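Where does a protein leave empty space? Rolling a probe the size of a water molecule over the atoms shows where empty space is left.

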Amino acid sequence: MPTLTARRVPTARLTQHILEDASRDAGEPVVFVHGNVSSSAFWQDAMLALPERYRPIAVDLRGFGGTDPLPVDATRGLRDYADDLMALLEALHMERAHLVGWSMGGGVVLQHMRDRPTTVRSLTLVNPVSPYGFGGTKGVDGRLNSPDGAGSGGGTANPDFVRLLAEGDRGETSPLSPRNVLALCYVKPPLRLKREDEYVEAMLGTRLGDDHYPGDSKPCDAWPGTAPGTRGVLNCLAPTHFRLDDLHTALAALPVKPPVTWVRGEDDVIVSDTSLFDLAHLGAIGAVPGWDGTPAQPMVSQTRHVLALYARVGGRVREVTVPGAGHAVHVERPQEFGVALLETLAEGV
């Protein structure tokens, strides 16, 4: 049976922690990028399931797991992470790789493909963040609800969840403990994962503060009264800093375009057109006071819109919906995810 080992890789930007199967150094590289409040640990089963012809590598993003906790410049959107990813590929002497990104990691690999498409063999997105960021937009074309991005950024994090992360809470007493957020939001209840303890530890490895999670914020006049700052994780997802509405134009002239497969859990409550993490939707259902009628962000519809534009310029796009699955399809439904992934890898350019 294959086994995974961990090591830290010095790169031109920072030292990055990776998981890999060191016995497969000659295979086609498949690089897995995790989401927010997680780490490479969430990819273990998907990596181990890959056939021998592939070389699986999962990286911890900066500020997560064992990678150097350099601060995040949110004004660059997700480019700090995407540039780190490129530095890792260079350090590992990989000219081209298949990229797999989950949640925020989906935005990272999309940004990487937009900026460096010739290095991408294929792209697999797992419940990715909208190409128009997280919070603060409306319509499939990602129009801002307010010019300052109100409703997105570091001020939208639940302070009790942040506190419990800081306290290293491993229990289930609070509904906002990392363990309960994993069980109730990352996956669809009543599923409990066999690696649950490992995943909770991965969540607790998230660096906290203004330079990391959730990031800084600033007050604003528009509802809900908070706008994105310039530092940290949630601000780099704010639509004032991260937008990929030019993905199709950036890649239009590329003769051979990487195939894109979008795998999503049908019952995801994090990345959804009615996300329980979007203050506008929470306002509409009465969970956040003072709601002024701001519409929920149609996250899934926005992703479908941007990928349809990519298809119009010749990109191969496939959407795979997994009924009964939540936000972490690759750990909830590994067989369905594995089939979709292998089909995409086989189509790689």
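The model is predicted: local features need pLDDT of at least 70, side-chain atom pairs count only at pLDDT 80 or more, and totals for chains, interfaces and linings use all residues. Residues are numbered from 1 along each chain as its sequence is written, and side-chain values use heavy atoms, without hydrogens and water.

A pocket is an open set of points on a 1 Å grid over the protein atoms alone, where a 1.4 Å probe fits, with protein on both sides within 12 Å along at least five of seven lines; lining residues have an atom within 4 Å of a point. Volume is the space filled by probe spheres set on the points, which are joined across faces, edges and corners. Helices are DSSP runs (H or I, at least four residues), numbered from the N terminus.

| Pocket | Volume |
|---|---|
| Largest | About 700 Å³ |

Start with the largest pocket. Its lining has 34 residues, and F134, T156, A157, Y213 and F277 lie nearest the centre. Helices α4 (159-166), α5 (178-186) and α9 (279-284) each give two or more residues to this lining. The largest share, five residues, comes from α5.

Now the second largest pocket. Among its lining residues are D45, P51, F337 and L342. Helices α1 (44-48) and α12 (334-347) each supply at least two lining residues. Here α12 gives the largest share, seven residues.
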